Amino acid sequence: MSGQLKEVRERITSVNSTQQITKAMKMVSAAKLRRAQQAITEMRPYAERLDGILKNILSNMDGGDGGSSFGVDREINSALVIVVTSNRGLAGAFNSNIIKEAVSKINTSYQEVRKAGKLSILCVGKKGLGYFKKRYSDCQIIDQFVNLFDDLSFEHVAEVSTFAMAGFEVGTYDAVDVAYSRFKNAGMQFAQCDQFLPVAKIKPVEGASTTKKDYIFEPDKQKLLQELIPTILQTSFQKYVLDTHASEHGARMTAMDKATENANDLLNDLKVSYNKARQEAITRELSEIVGGAAALGG
Amino acid sequence: MNLVILTPEKEIFNGEVTSVKVPGMMGQFEILNNHAPIVSSLSEGEIRIKETSGSSKRYSIEQGFVEVINNEVSLLVRGLAAVE
C-alpha cells in the first residue's frame, strides 16, 4: 500500500507546482491589466477632444460630412476583415470568442466575396493567424502586422489603420471590419465585430449647437475634415487594439483565478485521500505488530 | 489662458501660459490671450510656449490640430518630442 501513498504524494507535488504557475500568471496579468487600462484612460482625453473638434466643424457646416472619401458606400466586391487576437492562449474563451465573431461576420456578409476570392483577412496576434491560416486558405491572409502587440505606441498601431484606409481609398477593399474584444472590466469582455470602413455618416448634432461660434477655420472646413477623419479613424483603431489588449489580460486573470481555485479543490481532495492511505498504513502496521507480539507471547 | 497639450498616449502639458506659437497649415501663428476662436490643422514644425512664470518650452511635432475657445487652447499633436 505504500506504493499508493507515494503516488498520491507525487500528485500533490505536481498539482502544487501547477497552482504556483497559475497563481503567478494571474498576478502578472493583473499587473499588465492595470497598465493596459491606464493606456486606455490616457488616450481618452485626446479622443474626446478630437471628437469635439469634429462636432464643432460639422455643426458649423451645412449638411453632412461633406463627402469624405472614407464615407463612400460602394457595392461590396472585396472586403478586409481585421482580426485582433492575443499572441498567447490560456485566457479562457477569449480568443475563440473573437474568432467566432469574425467567422460569423464572414459567413453572414462576405460569403459571396469569399467565393469570388476577394476576401482578405488581416491578423493581429498569433492566435487568430493560426486559426485563419489553417481554415481560410482560400482567402488572402495578411500577416505583416501579426506582432503588433510588441509595441502599442500610437504611431506603430496607426500603420495598420493606415494600411486599411489606403486599401479602401484605392478600392482594394470596399469594406473593412474589425473583430476585437471590447473591454468593460476585468471580469467582462465582449467580443464583437465593428464596421471600420466606410465610416458611418456623421450627422451634425442637432439642437445642441452651443458650439456654434464664429470660428476661424484654417485652412478651411473641408480640408480640416480631410485631415481630421484619418486621425479619428486611427484613434478608434487604437482603441480597438488597446481594448483587446486589456481584455486579454482581464480574461487571463479570470481564467487563472479559476484554475488556481480548481487546483485548491483538487489539493484538498488529494490531501484527504493521502491522509486516509497514511492512516490505513499505520493501522495495518500496528495490527501486524500487535498480531506478531500476540503470536510470540502466545 | 489655459493650454492643454494632448498626444494619443498621454497629456504632455496642462497649465497657464501667456503665449503659444504653433506651425499652422497656412503658416506659423501665435496665440495670445483673448484670441478669436479658431480651429486649425498643424503641419510639421515647432511649438513654442511661454508660461506665465516666464519660462518657455519648445516641442517639435509631426502633425496635429489646435483649437482655441474662450482662452482655452487645446493642442492635439502627434510625433511630439521636446526640444532642448
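Which residue is the bridge partner of A:Ile216 in β4(B)? I looked it up, and the partner is B:Ile38.

Ground rules before I go on. This is a predicted model, where local features need pLDDT of at least 70, side-chain atom pairs count only at pLDDT 80 or more, and totals for chains, interfaces and linings use all residues. Residues are numbered from 1 along each chain as its sequence is written, while chains are lettered from A and ligands numbered from 1 in the order in which they are written.

I find β6(A) and β4 of chain B (residues 38–42) pairing in the parallel sense over three bridges. Strands are DSSP runs of E, at least two residues, and helices are runs of H or I, at least four, numbered from the N terminus; two strands pair if DSSP finds at least two bridges between them.

The interface. I see 24 residues of chain A in contact with 22 of chain B, contact being C-beta atoms, placed from the backbone, within 7 Å. On the chain A side, α1 (2–59), α5 (154–170), β6 (216–218) and α6 (221–297) each supply at least two residues. The largest share, nine residues, comes from α1(A).

Chain A overall. I list six helices and six strands. Its radius of gyration (over C-alpha atoms) is 29 Å, well over the 19 Å that the globule rule (2.2 Å times the number of residues to the power 0.38) gives for 298 residues, so chain A is more spread out than a compact globule. The C-alpha trace spans about 115 × 45 × 30 Å along its principal axes.

Definitions and conventions. Contact = placed C-beta atoms within 7 Å.
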